[in-house]
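Please read the points below with the model open beside you.

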Amino acid sequence: MRDLEILESKAQTFYVKKEGIPKGCQQCLKGTKAVLFLNGICQNPKHCWWYCPISEKRKGKKDTYINEIQISSKEQILHELKAINAKGMSITGGDPLYEPNLKKTLEYIKFIKKIKGKKFHIHLYTNGLNFSEEIAIKLARAGLDEIRFNPSKDNWNVMKYALNKGMSVGAEVPVIPEVEYIENLKKFIFYLNKIGADFINLNEFEYSLPNSQNLLERNFKLEAGTIASVKNSKECAMKLIHDIVPKVTIKIHFCTIIAKDYWQLRERYLRRAKTVKLKYEEITREGLLLYALIEGKEKDIKEFCNLLLNELKVPQNFLSCEATYLKLPIKFAMEERLLDLLNQHNLQGYIIEMTPFREEKYQQITEKTPIKLFKEEMRLNDY
Ligand code: SF4
């Protein structure tokens, strides 16, 4: 007897106990999967363009990104895979299988598989418009592990070409909270189940800057207390799963906005932080980097650096002294003596929290708090 219990994962997604979570999703949720955004070019299909969440910066553009990093060669992908200690990679766009993109997609899959080995898991997203038996064979030969379709209603049958080619075949579609759409989605799941597809990944419907106008015009509302969840999408998904699970054997996973926007990113940041962290930095629970920054005139900073080495006994390798600023671990900044010294020398000290990147272009300071205030907040949090 199948165990139909629906469980919530640590990352706040939902799945059927017995069937588990598709491999590509498992890696995403753990932050071990990098995302290769091939480019923003696709056929602008009617069924998805109106809710497409791709940003204006990327949509229709030829630029390629691995996670947040814009790249100009495939070798740069390897650098990022190393930075997050990735176990897999997804390929998205645009449509990676659209004719003008296909050659590059195949080239990238072969390249990564050759360097990272067979076990390195690669999955790919497509709208299915350009899919064929021939492309399925090419993808399988290149080493693709998993393919995810979001096909239009009249194009479900293309998925059959991907079956029995040695890769896992599934669908990934949003849960749009409209009666007709949900009815159709139910039929789609039955269809996938019938043809022997491996899984469906349902996404909570997302409000984002690029699609907000279209969603507003269609009367979709934002769920209260959230920044991107469309109202009722989660309820519809949960109801659908409960209704359909006893009738099918296909693996079903529901991915929430919070899983995407918070958990995946947090896990990836944590992994990246471990590999890029410098001696004077600490890693927060969110995977951000934390250190103390002291700013001032060149002459004062130089003097203060010596003071830290001699009076506070900060080890040299924990200190980074530049012309007009210096950086040190927060444990030294928390010493009462440091605040006194800062006052005496008329210098400003802050606790910096920033995203775990070394490339300035991607570094973002998320908080810059005066040391005194930071200490007070810490004391308050202790109570
Ligand atoms: S195929 Fe993808 S990128 Fe293109 S419109 Fe649809 S969702 Fe957006």
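1. Strands here are DSSP runs of E with at least two residues, helices are runs of H or I with at least four residues, and both are numbered from the N terminus. Two strands pair if DSSP finds at least two bridges between them.

2. This is a predicted model, in which local features need pLDDT of at least 70 and side-chain atom pairs count only at pLDDT 80 or more, while totals for chains, interfaces and linings use all residues. Residues are numbered from 1 along each chain as its sequence is written.

3. Strand β13 also pairs with β15 (residues 325–328), in the antiparallel sense over 4 bridges. Here L293 has K327 of β15 as its bridge partner.

4. E282 is bridged to L290 of β13. The hairpin of β12 and β13 has 5 residues between the strands, and G287 takes a positive phi near 80° there.

5. An open sheet of 11 strands has the order β1-β2-β11-β10-β9-β8-β7-β6-β3-β4-β5, with mixed pairing. Its edge strands, β1 (6–8) and β5 (69–71), each pair on one side only. Strand β4 (residues 64–66) runs antiparallel to β5 and is joined to β5 by 3 bridges; I66 has I69 as its partner in β5.

6. How do helices α6 and α8 pack? Helix α6 (residues 179–195) and helix α8 (residues 233–244) make an angle of about 40°, and their axes are 11 Å apart. Axes are lines fitted to C-alpha atoms, for helices over the stretch in contact, and angles run from 0 to 180 degrees between N-to-C directions.

7. I182, L185, K186 and I189 of α6 make the contact with C236, L240 and I244 of α8; contact requires C-beta atoms, placed from the backbone, within 7 Å.

Methods: Two residues are in contact if their C-beta atoms, placed from the backbone, lie within 7 Å.
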